[in-house]
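Please consult the sequence and the model shown here alongside the text.

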Amino acid sequence: VGGTCVNRGCVPSKALLAASGRVRDMQNEHHLESMGIKVAGEIEYDRQGIADHAKNLASNIKGNLENSLIGLGCEVVEGRGVLTGKPHEIKDESTG
């Protein structure tokens, strides 16, 4: 559920960009001081922690989408669908 955007594209990419933006903001001592914030020491980040955050965010969104579909009465089938060219018809790529 969610396709490329949710699982591998937009959502994880934006989560990574947001985290890197926060690190950049926190490293800008002048900007922070202008808001009355003082940071003692160096700002550090954990690459794996940021990657895990992006993965968890994508997983949560996927779960919310799936729950919404189920709530609307849709049957959610895991797999990779292929359009057949016929209206309202798809087939599973691996089973045909």
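The model is predicted: local features need pLDDT of at least 70, side-chain atom pairs count only at pLDDT 80 or more, and totals for chains, interfaces and linings use all residues. Residues are numbered from 1 along each chain as its sequence is written, and side-chain values use heavy atoms, with hydrogens and water left out.

Thr 4 belongs to helix α1 (residues 3–7). Helices (H or I, at least four residues) and strands (E, at least two) are DSSP runs, numbered from the N terminus. Apart from neighbours within four places in sequence, Thr 4 is in contact with Gly 9 and Cys 10, where contact means heavy atoms within 4.5 Å. Between Thr 4 and Gly 41, which are 37 residues apart in sequence, the C-alpha to C-alpha distance is 39 Å.

## The chain as a whole

Four helices and two strands form the secondary structure of the chain, and their order along the sequence is α-α-α-α-β-β. The chain has a radius of gyration of 20 Å, well over the 12 Å that the globule rule gives for 96 residues, so it is more spread out than a compact globule. The radius is taken over C-alpha atoms, and the globule rule is 2.2 Å times the number of residues to the power 0.38. The C-alpha trace spans about 60 × 25 × 20 Å along its principal axes.

Of the 96 residues in the chain, 14% are buried. The accessible surface comes to about 7,800 Å², and 52% of this belongs to carbon and sulfur atoms; accessible areas come from the Shrake-Rupley method with a 1.4 Å probe, and for residues only the protein chains shown count as cover. Among contacts between residues at least 6 apart in sequence, 43% join residues at least 24 apart.

Lys 62 is found in helix α4 (residues 47–71). Beyond its neighbours within four places in sequence, Lys 62 is in contact with Val 1, Val 6, Asn 7 and Glu 78.

Arg 80 sits in the loop between α4 and β1 (81–83). Neighbours within four places aside, Arg 80 is in contact with Lys 91, Asp 92 and Glu 93. Arg 80 and Val 1 are 79 residues apart along the chain, and their C-alpha atoms are separated by 10.0 Å.

His 88 lies in the loop between β1 and β2 (90–92). Its phi is near 60 degrees, a positive value in a residue other than glycine.

## Accessibility and cysteines

| Residue | Relative accessibility | Class |
|---|---|---|
| Cys 10 | 37% | partly exposed |
| Cys 74 | 39% | partly exposed |
| Lys 62 | 24% | partly exposed |
| Arg 80 | 55% | exposed |
| His 88 | 88% | exposed |

A disulfide is a covalent bond between the sulfur atoms of two cysteines. The structure holds zero disulfides, the criterion being a pair of cysteine sulfur atoms within 2.5 Å.

Note on methods:
Buried means under 20% relative accessible area, exposed over 50%, partly exposed in between (1.4 Å probe, protein chains only).
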